[in-house]
Amino acid sequence: MILVWICIVIYSISLVLILFYAFAQLNLLFNYIKAQKLVDNDALLDLSNPDEVPYVTIQLPVFNEAYVMDRLLDNIILLEYPREKLEIQVLDDSTDETVTSTAAHVKRLAANGLDIVHITRTDRSGYKAGALKEGLEIAKGDLIAIFDADFLPEADWLQKTIPHFKDPEIGVVQTRWAHLNRDYSILTQIQAFALDAHFTLEQVGRNSKGHFINFNGTAGVWRKETIYDAGNWEGDTLTEDLDLSYRAQLKNWKFKYLEHVTTPAELPIIISAARSQQFRWNKGGAENFRKMFRRVLSSDMSFKSKLHGILHLLNSTMFLNVLIVGVLSIPMLYIKNEYGHLREYFIVMSFFVISTIIFFFCYWYMYKKTYGGGFKNFISYIGMFFTFFSIAMGFSFHNSIAVLEGHAGKRSEFVRTPKFNLKAVGGNWKANKYLRKKISPHVIIEGLLMLYFAFGMYSAFVVGDQGGDFGLFPFHLMLFIGFGFVFIRSITEKQ
């Protein structure tokens, strides 16, 4: 009986935390809807007036980017901005032959009068944060624009972002990510689905009310003074962007999020690449919670901003709660049918289906912004929503390991996400030399979890005396599909 009560308590706590997070998302949706009615009356710099044009340094942190390096450099020189006020830093930590080819490319661009420098380091201390910090020391610009290797800003990108720095309190301008390969596969579609929600509902919902938001590591501009005032880049977490964002906002710098300005980028097209990216993001989020939550609580921000900030830092921890609920849901199915005196408890627990309803409602509003409303799009959305949630739950074990390592303070190296640029390899992603050949041990456990939730579906037919209990069957089906997708894709991509 003790084990039964332990199971019930842990299961209940996880459900409550998920519901609490769902209500926070609903609050962000209300903020987002209200923000659509606001008129942006910000004073803007007049870039037609030479006296108002600030000096801009573009930083391109790269590491072994054979497939996208030329594309990045050829695109970045198309940005429209006065050349006498523009510097480009290629912060190259590469350890392969791309160091030589990039140096040659940079030399050709410099010969044409572009102020571009190729900066290499003898070691990768601090990883991306270390490269950005080193480049900052010699940067000429008062404003620092940052692009990862797979981002392709449009020509007028600086014209749309730089004017917002007329307000001396604005420390960061962040733009929304767009997706070059959204429709490549189910995997890219569900990644785009999740990122679209973040870059609409979450970023606008938080920014419109002055809550903490984050610079997303790329496709944004920092005021150099803000970086220094916040303590500069630090490499003690895997998400240096989130870390510096919070330190800057705790120093009362304002962030400006531009939903209408998009910056196209490439989504990971294979599951091993998505896994490495997810691991870094989720472990980094937990590391930043460990590092920043006391500072957030002791700050002079409003209670609501503190609350949203803590939940923001705990975003990745929701994967752990989802995994706990999933794993315990099968024992709970048997407990429900074995202990009749707990009937009232399970009636109350059924209320927590409202979490799914809230997420469904919030994501539909965001989906509608991209694809439009109407019955046909709504039907498509239903399929996408349940596909997304199934696969997201399939990642929950992998991401929970990342979260637990982050909260425990276990350090790990910064593992880059392989870029593909399929046009450069004739559409054959298997030709990418940066792919990891070994299968993660996590994959075996994900295969076992797939079988475990198949047992959960079977259990629906055999528990109880009334011909089964199918209340959790849809949940177990989604978990089976999610873990099956992650397991099978992880195995087949290595063949």
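Y458 is partly exposed, at 49% relative accessible area (buried is under 20%, exposed over 50%, and partly exposed in between, with a 1.4 Å probe and protein chains only). The model is predicted, so local features need pLDDT of at least 70 and side-chain atom pairs pLDDT 80 or more, while totals for chains, interfaces and linings use all residues. Numbering runs from 1 along each chain as its sequence is written, and side-chain values use heavy atoms, with hydrogens and water left out.

Y458 sits in helix α16 (helices are DSSP runs of H or I with at least four residues, numbered from the N terminus). Together with Y334, F455, F461, V462 and F470, Y458 makes up a nonpolar patch on the surface, with about 600 Å² of accessible area in total. Helix α16, residues 441–462, is the top contributor to the patch, with four residues. Patch members have over 30% relative accessible area and no salt bridge, and nonpolar side chains are joined within 5 Å; a salt bridge puts a side-chain nitrogen of Lys or Arg within 4 Å of a carboxyl oxygen of Asp or Glu. Areas are Shrake-Rupley values with a 1.4 Å probe.

On to helix packing. Helices α6 (residues 186–207) and α9 (residues 271–297) pack at about 25°, axes 11 Å apart. That makes α6 roughly parallel to α9 (angles under 35 degrees), and their crossing is left-handed. Helices α13 (residues 354–371) and α14 (residues 375–394) pack at about 125°, with axes 10 Å apart. The crossing of α13 and α14 is right-handed. Handedness is left if the near helix is turned anticlockwise from the far one by less than a right angle, and right if clockwise. Axes are lines fitted to C-alpha atoms over the stretch in contact, and angles run from 0 to 180 degrees between N-to-C directions.

Conventions
Patches are made of residues with over 30% relative accessible area and no salt bridge: like charges are joined within 9 Å, nonpolar side chains (Val, Leu, Ile, Met, Phe, Trp, Tyr) within 5 Å. Helices (H or I, at least four residues) and strands (E, at least two) are DSSP runs, numbered from the N terminus. Angles under 35 degrees count as roughly parallel, over 145 as roughly antiparallel, 65 to 115 as roughly perpendicular and the rest as oblique.
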